[in-house]
Amino acid sequence: MDEKYFPEAIEKKWQQRWQETRAFEVKSEDARPKFYCLEMLPYPSGYLHMGHVRNYAIGDALSWYKRLQGFNVLHPIGWDSFGQPAEQAAIKRGVNPRDWTEENIKHMSGQMHRLGISYDWSREIAAHRPDYYKWDQWFFLKMLERGLAYKKTSAVNWCPKEKTVLSNEQSSGGVCWRCGTAVEKRDLEQWFLRITDYAEQLVNDMAEIEANWPEKVLKRQRDWVGRSEGANIDFAVKDSDKKIRVFTTRIDTIYGATAIVLAAEHPLVAELLESSALKADVQAFAEKVKAARAARQDLTVVEEKEGLNTGALAINPFSGESVPIWVANYVLMDYGAGAVMSVPAHDERDFEFAQKYTLPIRQVIAPASHSQAQIEPVTGAMDQSREMHQAFTDYGILINSGEWGGKLSEVAIREMTAYAAEKGFGAAAVTYRIRDWGISRQRFWGAPIPVIYCDDCGMVPVPMDQLPVVLPETAEFTGTGESPLASVAEFVNTTCPKCRRPARRETDTMDTFVDSSWYFFRYCDPRNDKAAFDPRLAAQWTPVDQYIGGDSHAVMHLIYTRFWTKVMRDLGLVSFNEPVKRLLTQGMVTNRVEGTDEWKAMSKSLGNGVDPDEMIAAYGADAARLFVLFAAPIENELRWSEAGVEGAIRFLRRAYTMVWRWHERLSDPAQHRVGLANDDFSAGARQLRRKTHQTIARITKDFDQLHLNTSVAQLMELFNALMDFNAEPSTATDPDVFAVREALNALVLMLTPFAPHAAEEMWESLGHQSGLLGGEARWPVADPELALQEELEIPVQVNGKVRSRVMAALDVTDDELRAAALADEKVLGSIAGHEVIKVIVVPQRLVNVVVR
């Protein structure tokens with residue numbers, strides 16, 4: 001062991017050792033319990049920054065912790081290597097996307113190796129390689145067989161900058177998830193996956209994971225699926241055989257409906273206007289709404305509600321009353337059936353719309369706290385627009401509602417729904433906001449969709465034995481929006497598998513979220529060329545025990561992979577419903593944007609990323625990793641600070657120096673005395689042992705809860721206790737040596753997840769021959785008896801600032817604490833020359849001396 005801490009030499013030594021011994025490769029044939037730790041699949045953009053490092057360091061810390069606890073840990077890595085940036089590079093720089101991607105993978109994997117992340121590189125995968133995307137295509141064909149994949153012409157989300165289609169999830173808020181450009185609507189023929197068939201399961205199965213997934217992620221998924229229970233009600237169009245189906249969650253308010261409002265895209269709009277004098281005006285308004293909606297960034301937000309009366313009437317099936325039919329911009333075709341009953345008295349949007357267009361407002365629900373005597377009925381079509389200043393949206397007691405008057409909303413909803421079903425004009429219904437997943441992309445750099453078009457046979461799936469459909473080496477990248485594959489004749493032109501006549505391949509490629517929806521399972525069996533994975537191996541390793549990544553993927557990757565897992569379950573490949581047991585969404589690492597006072601998430605485009613190679617060269621990988629795990633709770637934002645990395649390396653140097661001071665004495669097997677009784681130890685040694693076991697207990701608890709920053713703080717406290725013990729290796733008694741060895745062994749073992757290179761070096765120097773992954777290295781276990789406090793350590797403040805600490809008996813009184821505090825030398829120095837106004841004692845916890 002060198003006297004000085006040289007991180008470059010130490011890290012190089014242990015990285016080489018790990019590589020030579022294949023230290024992190026795992027075998028399926030292992031009797032130890034399994035633990036599958038996974039960070040979200042990285043995109044090979046060209047280089048890592050310290051924001052990425054935080055994500056990988058969290059997973060690596062947990063992996064080391066579980067290994068030391070005796071688990072067989074699967075901790076793999078791969079590349080989400082299809083996607084738009086590679087194609088944009090091809091357009092802008094004239095490079096081949098394949099070459100650009102492979103070069104980036106080479107560089108980024110080198111950075112990961114230099115960071116010492118404990119990945120099993122033998123399982124490395126990359127989505128752009130045919131041995132992976134062959135199985136994307138296989139899954140697509142299996143979904144096609146089951147009716148889960150289909151093609152239709154649809155209004156799709158189009159990014160004019162990236163010139164490609166986006167799913168609803170990728171255009172949330174009306175902007176492109178990648179470049180932020182406002183999304184447009186276009187009618188295109190596209191491939192979809194029926195995620196809506198699994199909408200109910202996506203909601204219900206959250207019960208299996210809600211205890212170990214962040215509630216903010218589950219809430220966003222619930223909102224995105226948008227499950228609503230209610231009823232479908234048919235309103236007959238007056239003087240017509242047409243009916244308008246309305247979905248409502250509040251059938252109890254139907255007597256308050258004063259209009260039916262249609263979406264501009266509703267198919268009945270044109271039919272209702274066939275002989276109407278208002279036809280031209282209403283059609284012009286509908287087209288105006290459609291155009292505005294296509295350009296609007298968020299379809300769920302309308303700045304000002306606008307509508308137009310069609311002149312047609314609908315008949316309320318409960319009251320028999322005729323109500324006007326309107327077209328308005330706040331009703332979406334995607335919700336329910338594209339029509340709503342407007343109940344202004346009990347819906348905020350309808351209230352605002354009615355006020356603008358002077359529609360009647362009729363209250364039919366009164367607060368449940370009102371007695372019957374307090375409720376004044378409204379007769380006939382009385383308008384309460386002057387009396388009501390806002391909508392009453394709560395449940396309550398029905399009034400002015402025919403035979404249902406006086407019933408509670410909850411009761412009326414059940415009874416009125418049953419009545420509608422009995423009379424044949426309605427039924428209970430459930431609707432969802434989520435829409436089928438559009439996976440077609442007008443891109444070269446993606447998995448080809450394995451479909452062939454034949455003039456005689458129509459659409460024909462590529463036979464399974466002809467997979468993969470391989471991308472050509474290159475294509476012409478024009479940036480016009482048409483798929484580059486369409487211009488590659490040798491790719492497009494093929495033979496129909498059925499009739500053997502000339503045919504054409506599909507030229508769209510798959511959304512890259514297809515690649516990342518099932519990669520967890522490929523890691524279990526990455527070299528299988530006969531199947532996506534062996535179900536027996538998947539059963540051994542999955543579900544993933546701990547998944548780590550950003551919550552920005554809550555309604556994209558994280559919802560798609562849940563859907564995909566359920567499809568695989570139905571294909572008989574897995575036996576469970578949910579792919580991930582426990583999810584952690586880490587906070588972003590922010591840095592100041594050059595030339596501004598703004599702190600934003602590290603990004604290549606903003607130029608505020610910090611290259612980990614620079615940190616490794618200056619401070620070492622361990623210091624960089626230790627800082628990002630210590631500086632803030634891992635769920636919170638972390639503000640980058642190079643000074644913080646300097647603090648981390650100072651701590652590592654001090655710990656290393658402590659081990660160096662003791663390594664000769666502690667590495668001597670003859671000094672490994674056992675059988676010492678508690679009375680053999682000095683008071684200082686007992687105090688050190690107590691601190692050691694308290695620290696083990698606290699860090700173990702913190703690690704289980706992923707409170708990594710507090711774990712590092714506890715390590716620093718244990719180190720300070722070793723410093724305070726102040727024993728000299730050359731003169732220390734055997735009991736003192738035992739206490740120091742116990743503390744240093746625990747310190748090094750618990751430092752391993754944060755700084756594994758330095759920990760390996762110190763562990764070896766303490767006389768352990770087999771390394772941290774050898775037989776004797778195990779996460780320390782606290783002895784509850786030794787962790788019990790014999791004394792209390794009481795902080796003493798002067799005017800609210802801690803100036804000293806005093807030791808006291810467990811049963812110390814307030815008077816004794818007050819006297820001890822005022823007699824302490826450090827306190828006396830702080831209050832000298834001041835008048836003591838009062839002494840505040842928090843029993844057995846704190847003393848605060850107030851002076852002036």
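This is a predicted model: local features need pLDDT of at least 70, side-chain atom pairs count only at pLDDT 80 or more; totals for chains, interfaces and linings use all residues.
**Gln15**

I started at Gln15, which sits in helix α1, residues 7-21. Helices here are DSSP runs of H or I with at least four residues, strands are E runs of at least two, and both are numbered from the N terminus. Residues are numbered from 1 along each chain as its sequence is written, and side-chain values use heavy atoms, with hydrogens and water left out.

Is Gln15 buried or exposed? Gln15 counts as buried because its relative accessibility is 19%; the cut-offs are under 20% relative accessible area for buried, over 50% for exposed and partly exposed in between, with a 1.4 Å probe and protein chains only. I then looked for what touches Gln15, taking contact as heavy atoms within 4.5 Å. Skipping neighbours within four places in sequence, I got His113, Arg114, Leu115, Gly116 and His757. A polar atom of the Gln15 side chain is 3.4 Å from the backbone oxygen of His113.

**Strand β10**

Which strands does β10 pair with? I used the rule that two strands pair if DSSP finds at least two bridges between them. β10 runs antiparallel to β13 (residues 339-342), with 4 bridges, and Leu262 has Ala339 as its bridge partner there. With β12 (residues 322-328) the pairing is parallel, over 3 bridges, and Val261 stands opposite Trp326.

**Cores**

I listed nonpolar cores, meaning sets of buried Ala, Val, Leu, Ile, Met, Phe, Trp, Tyr and Cys residues joined through side-chain atoms within 4.5 Å. The largest has 97 residues, and Met50, Trp640, Trp662 and Leu744 have the most contacts inside it. A second, separate core has 93 residues, among them Ile449, Cys454, Val488 and Phe491. Back at Leu744, I found contacts beyond four places in sequence that include Met658, Trp662 and Leu766.

**Salt bridges**

My rule was a side-chain nitrogen of Lys or Arg within 4 Å of a carboxyl oxygen of Asp or Glu. That gives 49 salt bridges.

- Arg222 and Glu210 meet at 4.0 Å, N to O. Arg222 is in helix α7 (residues 215-225) and Glu210 in the loop between α6 (199-204) and α7, 12 residues apart. Arg222 is partly exposed at 30%, and Glu210 is partly exposed at 43%.
- Arg227 bridges to Glu229, with the closest N and O atoms 2.7 Å apart. Arg227 is partly exposed at 30%, whereas Glu229 is exposed at 53%.
- Asp252 and Arg250 meet at 2.9 Å, N to O, and both are buried.
- Lys13, Arg17, Glu761 and Glu764 form a linked network.

**Lys134**

Last stop was Lys134 in helix α5, residues 130-145. Lys134 is buried yet has no salt bridge. What is the nearest side chain of opposite charge? I found Asp529, 6.8 Å away, counting Lys and Arg as positive and Asp and Glu as negative, with His and the chain ends not counted. The backbone oxygen of Asp529 is 3.5 Å from a polar atom of the Lys134 side chain. Beyond four places in sequence, Lys134 is in contact with Leu467, Pro468 and Asp529.

How values were computed. A polar contact is a pair of N or O atoms within 3.5 Å; within protein, one must be able to donate a hydrogen and the other to accept it, and residues adjacent in sequence count only if both atoms are side-chain atoms.
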